[in-house]
Amino acid sequence: MIAPSVSSSAICLRCQLRLIRQSSQPLQAPSCIFALQHPSLRRFASDSPARAFGQDHVAEEQDHTPDSEKRVQYGNTDKNYPVKRMDVPKRRLSRNRILTEDTRNLESDMLGKPASVIVMKDEGLYKKRVRRLAAESRDEPNSEQIDIEALLDSQREPPNPQEVRENIDGLRPKTETALSERKFRKLQALLTDGFLSAQLQDYLEHHKQDDLPSGSNWKNPRSSNEKDLASRYEWIREISPWMPLACQSGVADGIDPSLRGYVTDSTTIKQKLAIRIMRECWGLSIAELDAGLGETRVKIGNHEFVLLMRGTQRWMTVMGKIWLEPGEKIEAFRNQKTLRLVTTKPKAAILIEDLDQTLKQIKTESFPMSLVTSKPIDEAVLEEVGRITNTHTMGTDSRQLRVTWIELKKRALQGLIGLENLCDIVFRLLLTAYKPQPATTTTLYATDQDGWPTGRFVTDAIDKKKLGWKDRMGQWARYSLPLTLGGADSVAENPLERLKLPVERQTVSSKLDENNEHVPETQLPLRSVKWAEDLKVSTKATFGYILHANEPSALPPPLPDLLTANHPRVFASITPHPLHLAELKASDDKATNSVISTNTTIVIRFWPSPPRKIVRNDTPPLLELRLATSGGKVEGVESLRAIKQIHITDVMLPGSLVDLRYTQAQYAELKGAPARLATWQPLANFLEPARLDLEHGKLEVPPRQRFPIPRRLFNYTGDSDRDITANPDLLMNKIDMIDYTFTSLEIHRSVSMPYEGFNITYTSIDGQRGGSYRAEVSLEPGIGSGVSADKEDTDKLHSDFLVTCQKFARTDSLWSGYLATRRGS
């Protein structure tokens with residue numbers, strides 16, 4: 001106690017500090033000072049959960065003293081929001097007694113402020129609250145007695161299998177399917193330690209039956225399991241689960257592939273059951289294994305697998321560039337119709353999904369087989385044409401040819417509409433292979449008749465790329481005589497005195513006259529273009545091998561029967577060494593005045609579309625469109641020829657290194673300026689949608705086109721000849737709209753120069769899809785002055801051309817190789 005008369009200077013420093021703090025916070029007692037003054041007391045307030053007196057302790061004696069009302073203090077005076085604070089008596093524990101802290105006024109001043117003291121009230125002894133035990137409740141008279149033995153007997157009954165399955169299913173992760181190895185093994189241990197082997201086996205068998213436990217959230221994870229992809233995708237016949245590559249070695253044989261990497265030789269049977277539940281039933285995997293390389297094998301239906309393996313195997317190539325990293329790959333096993341995907345597990349799922357999207361683009365079209373041939377087509381031929389076009393072609397019972405292929409999505413995005421599809425390409429390849437070229441005749445001659453008994457057929461060993469796609473499948477032989485020294489360069493008899501058509505020099509096209517032909521039924525002018533009235537003849541001699549079919553079932557007959565037997569034959573062109581051609585230029589008498597010209601031309605050919613209604617046994621002409629190019633780009637139309645007839649004359653030279661082939665064509669050109677030819681409506685309709693990217697080798701055109709053809713350009717047979725003589729003017733003026741089928745496209749890159757009064761041309765020919773890739777050397781009469789020559793000059797030109805061609809063919813030094821010639825000189 002402090003007396004009222006005590007001066008402030010008599011108060012110690014400790015009490016002064018305490019009073020200062022108390023005056024600044026009159027509603028809170030400084031517990032730190034109280035603890036310093038009373039070290040034996042420790043705080044036991046209601047805000048301490050570990051020493052909460054009101055919950056775990058009971059005071060032996062309580063003195064309920066009403067707390068004095070406190071003043072209302074306001075916090076945050078800036079906003080004037082009043083907050084009322086209530087003082088709670090502080091209780092402290094000293095040894096085993098409970099003390100309550102209180103404050104009393106002294107009715108005196110200290111340091112100019114009212115003085116007060118702290119009074120500790122004794123609340124009694126501290127005593128823990130005693131909890132009632134279960135045993136005490138059984139001692140009460142009203143409690144029921146429990147039979148311990150009955151309770152133990154009830155627990156000895158086995159649990160219901162359905163409850164066991166629900167308990168097992170309760171351990172299944174709700175969302176995750178790829179667990180870390182630590183979580184995976186922990187879950188495996190829970191299944192192994194918490195259930196019996198029989199219970200795990202029952203869960204597996206129940207899962208195979210696809211029965212759902214009633215009252216559970218169990219779901220069949222088969223939709224996310226690799227094994228059930230076969231049911232999701234119709235094209236999958238069988239698929240193996242994804243298996244890590246790193247775990248393939250050291251694993252016992254006979255283990256399910258889905259467990260490889262998850263079990264070892266030391267794994268117990270019960271552990272395998274737990275892992276099977278996690279893998280087969282729940283679809284769980286270890287994330288570390290999924291991130292590494294593994295493999296999965298997909299067995300595909302025969303129809304889809306054939307399409308994927310066609311040509312360059314486009315899908316495998318594109319997917320390899322987009323998704324696969326070093327070490328990853330896609331392999332195909334043709335005999336098993338299986339794809340092996342070596343990649344990570346997420347990528348394997350992506351590849352299968354992309355493959356499904358690709359196979360959804362399969363398209364099928366068909367056409368009558370009678371348009372191509374009246375005989376059945378060999379399966380080997382259909383397989384070859386399918387390989388060339390990346391299609392699957394097969395015959396049906398209704399004599400239809402069904403063509404199936406995978407359509408590329410980007411073609412529609414690039415605007416490639418109205419062009420040839422793969423069915424159109426198959427049709428024209430079969431058409432040109434089985435149907436003879438219209439309006440074409442052939443003749444066969446042979447020289448060196450004295451040596452025929454000593455000759456024999458020698459199997460050809462040239463590059464098969466020089467032949468057409470169907471001819472590459474056959475066996476061919478050339479008839480040759482034993483070569484003699486000095487005899488090859490001697491001029492032998494010429495069995496060919498004249499060709500069927502006259503030999504003419506080419507002339508420059510004359511200007512267009514004012515007479516315009518009209519479209520039938522409309523009488524509209526065709527943009528100031530017309531077909532020439534005069535027919536021209538082009539003659540070309542090429543050098544190579546005349547090859548005769550040499551199949552075991554169709555051997556060529558001996559000479560001279562071969563000349564009239566109409567035995568199948570083809571022509572394979574060959575060229576001299578380039579240095580020999582250079583020497584020809586230097587040896588020419590007019591070499592100083594000769595001009596070497598180079599040219600690149602796109603040659604497009606059309607046949608009349610089958611079937612066509614035959615009227616008076618007439619045949620429309622063939623069409624040949626030539627496009628001029630410059631700098632790798634198409635500049636415009638060079639010419640359009642209507643070829644009335646073609647005659648091919650083959651001359652066998654058994655005693656020489658090469659044979660001769662003369663090709664003559666009688667034709668009429670479409671007259672008009674190049675700019676007008678390109679805007680002529682039929683050509684404009686054909687060329688406008690065409691894709692002619694010569695620089696990248698992308699050349700695509702529409703499959704069909706209609707052209708107006710004068711009736712005078714048709715070929716007539718039988719009774720039609722009399723009608724021509726009787727009504728020549730009618731045929732001259734009549735024009736028919738004829739449907740034509742595009743049959744071939746070739747790129748000709750040629751170099752020409754004069755040779756002994758004629759033109760010699762070296763041409764590299766790119767036959768595009770299904771055509772041949774070859775080079776040829778040809779002799780042509782050249783370009784004349786355009787002045788009509790008399791009959792004597794024409795005959796001389798004819799005979800000189802034949803002699804020059806035969807001399808060129810019989811000069812063995814040109815065809816035996818440059819090095820051999822140099823060594824022999």
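A polar contact, as I use the term here, is a pair of N or O atoms within 3.5 Å, where within protein one must be able to donate a hydrogen and the other to accept it. I am working from a predicted model.

**Entry 1: H748**

I looked up H748 and found that its side chain makes a polar contact with the side chain of E746, at 2.8 Å. H748 lies in strand β33, which covers residues 735–755. I noted its relative accessibility as 13%, and because buried means under 20%, H748 counts as buried. Leaving aside residues up to four places away in sequence, I listed what H748 touches: N599, T600, T601, V603 and R605, together with T763, S764 and I765.

**Entry 2: helix α15**

I then turned to α15, residues 379–389, and checked its ends.

**Entry 3: α15 against α17**

Which angle do the axes of α15 and α17 make where they cross? I found that the axes come within 10 Å and cross at roughly 135°, which makes α15 oblique to α17. The crossing is right-handed. On the α15 side the contact is made by V381, V385, I388 and T389, and on the α17 side by L422, I425, V426, L429, L430 and Y434. Sorting the residues of this contact, I noted nine nonpolar, one polar and no charged.

Notes:
Residues are numbered from 1 along each chain as its sequence is written. This is a predicted model: local features need pLDDT of at least 70, side-chain atom pairs count only at pLDDT 80 or more; totals for chains, interfaces and linings use all residues. Side-chain values use heavy atoms; hydrogens and water are left out. Helices (H or I, at least four residues) and strands (E, at least two) are DSSP runs, numbered from the N terminus. Buried means under 20% relative accessible area, exposed over 50%, partly exposed in between (1.4 Å probe, protein chains only). Contact means heavy atoms within 4.5 Å. Axes are lines fitted to C-alpha atoms, for helices over the stretch in contact, and angles run from 0 to 180 degrees between N-to-C directions. Angles under 35 degrees count as roughly parallel, over 145 as roughly antiparallel, 65 to 115 as roughly perpendicular and the rest as oblique. A crossing is left-handed if the near helix is turned anticlockwise from the far one by less than a right angle, and right-handed if clockwise. Ala, Val, Leu, Ile, Met, Phe, Trp, Tyr, Cys and Pro count as nonpolar, Asp, Glu, Lys and Arg as charged, and the others, Gly among them, as polar.
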